Amino acid sequence: MTVHKSPAELRKDIANAIAGLKSYDVPAFCVSVGLADGTKDEAFSSKFRYVMSRLNGLRGTALAAVARATLVEMPDPDLEEKLALFEQATDRVVSDLTRRKILDVLDGWDLNGRMELFEFLDAVYPVDKLPSAYSPPDIFDQPYTLRHDITRHCIRNDDWSNSELLQRLGALTCSQRRFFAFLERVVDPVVRDTPAQESIVSQLNQLLERDGFALLKVGAISGYPQYGVRKAAERGGTPADVELTESFKALDEGRVHEMWEKALKRRQDDPEGAITAARTLLEQTCKFILDETGEEYAHDADLPKLYALCAKQLNLAPDQHTETAFKTILGNAQQVVNTLATIRNRLGDSHGKSRAQVRPKPRHAQLAVNLAGSMAMFLIGTWQEQKTSD
């Protein structure tokens, strides 16, 4: 069951963390994280009450801000997890059912890949702070933790499944932040090779996408892809993507669909390449329609010239209309095409870049690809309509 932290619980968590300091350090520390000042005598009386008296009444973002400031000054994985549980109460979350199904999927894989098990787990889970499921043997004079259980059941005897191990670690109740960090660890290029990465990502995304999330490529290490869990909308996708894809599939022989797929795939990870592909998409669309209509064009014609020829063939040139509204709309369409050509020249990957030149971000690529896709669909729709009416 997914757990949330109430403001009262988080206040206690913060107070307990700060109360671990020396009494004479508590007043100054409280001031440093945004709480009211006080005397050392008050702190010596009770550090916990000292902090709680200053936290009382804080809620929401103000309380979270104090927790974050505390973590900056005093890193504490336990408090960090409790803050994540508090903040996720207002976030979109994956369901308990999705978490369970993900654990089922991971039962079919070598969880830690090429890494030693504890090296893999320690990056995400505080194994030494999690309690053992059993009473410690008499021979142990130190805390008996989950690390001992894992050694016994996953290394010496190998009688725990991956899902059982993960449930013991708290995968069903930990914060979403920690759960996502674990999934990212599973598909880290340091842990496993690219083919296995892609296979696991594909299986997990079928589940994550039901709750609006996905494992997306967010970077690379020596050319090997790194994945991060993001909201599915951060794919750069829009509701129009499916409709556009279906329309472009009919034009595969003109490489229109190929360029559209290339532009879609590059939006997040390769913005410059996506912008170049967006312009090429429009060029291919114009050439395809001009070829279909028998209109000749120069082999080296640039995008604005190709569009102007295509618009004339489709009766979309502004000077072919007298209605002011139509002339304005079609004139703006021409301007969009000209702007896409300019953006590609300045921000695409087809030319060398100076050191000071601005590099496009995924949102810039998304805008360029969406604009190009919409314009291409408009041209194709007009051409198909005219072809049908002939």
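Start with Glu283, which touches Leu303 and Leu306 once residues up to four places away in sequence are left out of the count. This is a predicted model. Glu283 sits in helix α15, which runs over residues 271-293. Is Glu283 buried or exposed? Its relative accessibility is 15%, so Glu283 counts as buried, the cut-off being under 20%.

**Cysteines**

Select the cysteines next. How many disulfides does the model contain? The count is 0, with a pair of sulfur atoms required to be within 2.5 Å. Cys310 is in no disulfide, and the nearest cysteine sulfur to it belongs to Cys286, 4.5 Å away. Colour by accessibility and Cys310 comes out at 0% relative accessibility, so it counts as buried. Cys30 also has a value of 0%, and therefore counts as buried.

**Helices α1 and α5**

Now show residues 7-18, helix α1, together with residues 60-73, helix α5. Two packed helices are described by the angle between their axes and the distance between the axes. For α1 and α5 the angle is about 25° and the axes are 11 Å apart. Because angles under 35 degrees count as roughly parallel, α1 is roughly parallel to α5. The crossing of this pair is left-handed. To see the contact, display side chains for Pro7, Leu10, Arg11, Ile14 and Ile18 on α1, and for Leu63, Val66, Ala67 and Thr70 on α5. Sorted by class, the residues in this contact are 7 nonpolar, 1 polar and 1 charged.

**Helices α7 and α10**

Move to helix α7, residues 96-106, and helix α10, residues 162-169. Their axes are 8 Å apart and the packing angle is about 135°.

**Two residues with positive phi**

Most residues other than glycine have a negative phi, and most peptide bonds are trans. Select Asp158, in the loop between α9 (146-156) and α10. Asp158 is not a glycine, but its phi is positive, at about 55°. With 59% relative accessibility, Asp158 counts as exposed, because the cut-off is over 50%.

Then select Ser222, in the loop between strands β1 (213-221) and β2 (224-231). What is the phi of Ser222? It is positive, at about 50°, although Ser222 is not a glycine. Ser222 has 71% relative accessibility and so counts as exposed.

**Last stop: Lys22**

Finish in the loop between α1 and α2 (26-32), where Lys22 lies. Lys22 has a relative accessibility of 53%, so it counts as exposed. Draw a distance from its C-alpha atom to that of Ala43.

Definitions and conventions. Residues numbered from 1 in each chain as written. Predicted model: local features only at pLDDT ≥ 70, side-chain atom pairs only at ≥ 80, totals over all residues. Heavy atoms only, no water. Buried < 20%, exposed > 50% of the residue type's maximum accessible area, 1.4 Å probe, protein only. Axes fitted to C-alpha atoms, helices over the stretch in contact; angles between N-to-C directions. Helix = DSSP H or I, 4+ residues; strand = E, 2+ residues; numbered from the N terminus. Parallel < 35°, antiparallel > 145°, perpendicular 65-115°, else oblique. Left-handed = near helix turned anticlockwise from the far one by under 90°. Contact = heavy atoms within 4.5 Å. Nonpolar A, V, L, I, M, F, W, Y, C, P; charged D, E, K, R; others polar.
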